[in-house]
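I open these notebook entries with the domains and then turn to the cores, the pockets and the cavities.

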Amino acid sequence: MRTIANDPVEAVLAVGLKDLWYPICPSEFVAERPVSLRRLGRKFVIWREASGKLHALEDHCPHRGAPLSMGIALGDRIACGYHGVQVRFDGVVTSVPGSPGCKLEGAKATRSFHVQEACGAIFLYNSSVDVDQPPPLQLPEELTSDEYSNFLCYTEWKGGYRYVTDNVMDPMHGTFLHKQSHSMAEGDNTATFRVRETDIGFVFEKEGQRGVNFDWTEWADTGLQWMRLAIPYPKTGGPGGNFFIIGSYTPISDNVAAVFHWRCRKLSGWQRDTWRFLYRNRLEARHWAVLEQDRVVLEMMEPDANQREMLYQHDMGIVRWRRHMRNLAKEQLAREEAATPVKAG
């Protein structure tokens, strides 16, 4: 997605809003060794202690700027592979082997970030400044309630993360792009839409049609921005009623997005076991085929496609979301300006 040159609001949105939680990778990406991840306009180093506890720093040694991810994890610290400088999880330098007692020792010289593991993914709090305690990670009930079972689907797409949100905020495309899908072949292709506000965001939905196709999308902000939709399932899809998808999307770079979709159903006992077996052996491949249709379209779009649009009634949700995001970016810029010390003339 190409941003408008010299637009500070677009510059903020391109790398992701600050002071929010974001999913950054599946849990299995981080094992014994430090891992470098480019996300949210930075490079992070993520590592685990022997207990499994996660830590995250900016992937930058304060000595000469070498990637800390090329070093060695020492419990709650990383020893840089270049000169052995040890940086603790909170960004404080604890040891400079080449010059013991120098002013670098004891200095908080590297940005630190809070990370939390949940639902098969690692989430990072994208704080504007270092904070001792982040706000709680608040996930939707499909990912926290024992009444639901879920699978994480992770992929990386070429194109801006906001194009992914645009796609999910567009229920009408299901009737056309996914019309060969066993679960999205029904429904009115000339539906009228409305926006319904909620306490944590809004729902964009077809009027007079529910439980037929991909009929609605919810966007929510609980300190983590996420989306929810439901797809009616035929009996051949197994027990559990509607199939829910929870989505959250994180910028890797201007032209690459980290795409997280949790696929959920509400069931328990033998029905849960039956669905999980059916999903792995039959449904998962069908779901990847549908997702692949989305990927191909979005990756084939020109980077400046969002600057050359002619939107209509089906796009009300996209317009609503984009306007809200720009307002949030303006608020962030205002906070940053207010926090910047005024230089004496």
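**Domains.** I began with the contacts across the two domains and found that 18 residues of domain 1 are in contact with 18 residues of domain 2, contact being heavy atoms within 4.5 Å. Domain 1 covers 15-126 and domain 2 covers 141-326, with bounds that come from an automatic or database domain assignment. I noted that their C-alpha centres lie 33 Å apart.

**Basis.** I kept in mind that this is a predicted model, in which local features need pLDDT of at least 70 and side-chain atom pairs count only at pLDDT 80 or more, while totals for chains, interfaces and linings use all residues. Residues are numbered from 1 along each chain as its sequence is written, and side-chain values use heavy atoms, with hydrogens and water left out.

**Cores.** I looked up the nonpolar cores next, each a set of buried Ala, Val, Leu, Ile, Met, Phe, Trp, Tyr and Cys residues joined through side-chain atoms within 4.5 Å; buried means under 20% relative accessible area, with a 1.4 Å probe and protein chains only. The largest has 55 residues, and Leu 17, Ile 46 and Leu 124 have the most contacts inside it. Helix H5 (residues 269-300) gives this core its largest share, 6 residues; helices (H or I, at least four residues) and strands (E, at least two) are DSSP runs numbered from the N terminus. Both domain 1 and domain 2 contribute at least three residues to this core. A second, separate core of 23 residues includes Ala 118, Tyr 148, Trp 226 and Trp 262.

**Helix H3.** I checked how far H3 is enclosed: 8 of its 8 residues are buried, so H3 is largely enclosed by the rest of the structure. Among the buried residues are Tyr 161, Thr 165 and Asp 166.

**Pockets.** I used a 1 Å grid over the protein atoms alone, on which a pocket is an open set of points with protein on both sides within 12 Å along at least five of seven lines, a cavity is a set where a 1.4 Å probe fits but cannot get out, and lining residues have an atom within 4 Å of a point. Points are joined across faces, edges and corners, and a volume is the space filled by probe spheres set on them. The largest pocket has a volume of about 470 Å³, and of its 21 lining residues Asp 166, Asp 170, Met 301, Asp 315 and Ile 318 lie nearest its centre. H3, helix H4 (173-177), H5 and helix H6 (316-339) each give two or more residues to this lining. The second largest pocket holds about 290 Å³, and His 55, Phe 89, Phe 113, His 114 and Asp 132 lie nearest its centre. Strand E4 (54-58) gives the most to that lining, with 3 residues.

**Cavities.** I then recorded 3 cavities of 30 Å³ or more in the whole structure. The largest holds about 300 Å³, and its lining takes its largest share, 5 residues, from E17, a strand that spans 243-253. The second largest cavity has a volume of about 120 Å³ and is lined by residues including Tyr 22, Tyr 161, Thr 165, Gln 225, Trp 226 and Met 325.

Technical notes. Buried < 20%, exposed > 50% of the residue type's maximum accessible area, 1.4 Å probe, protein only.
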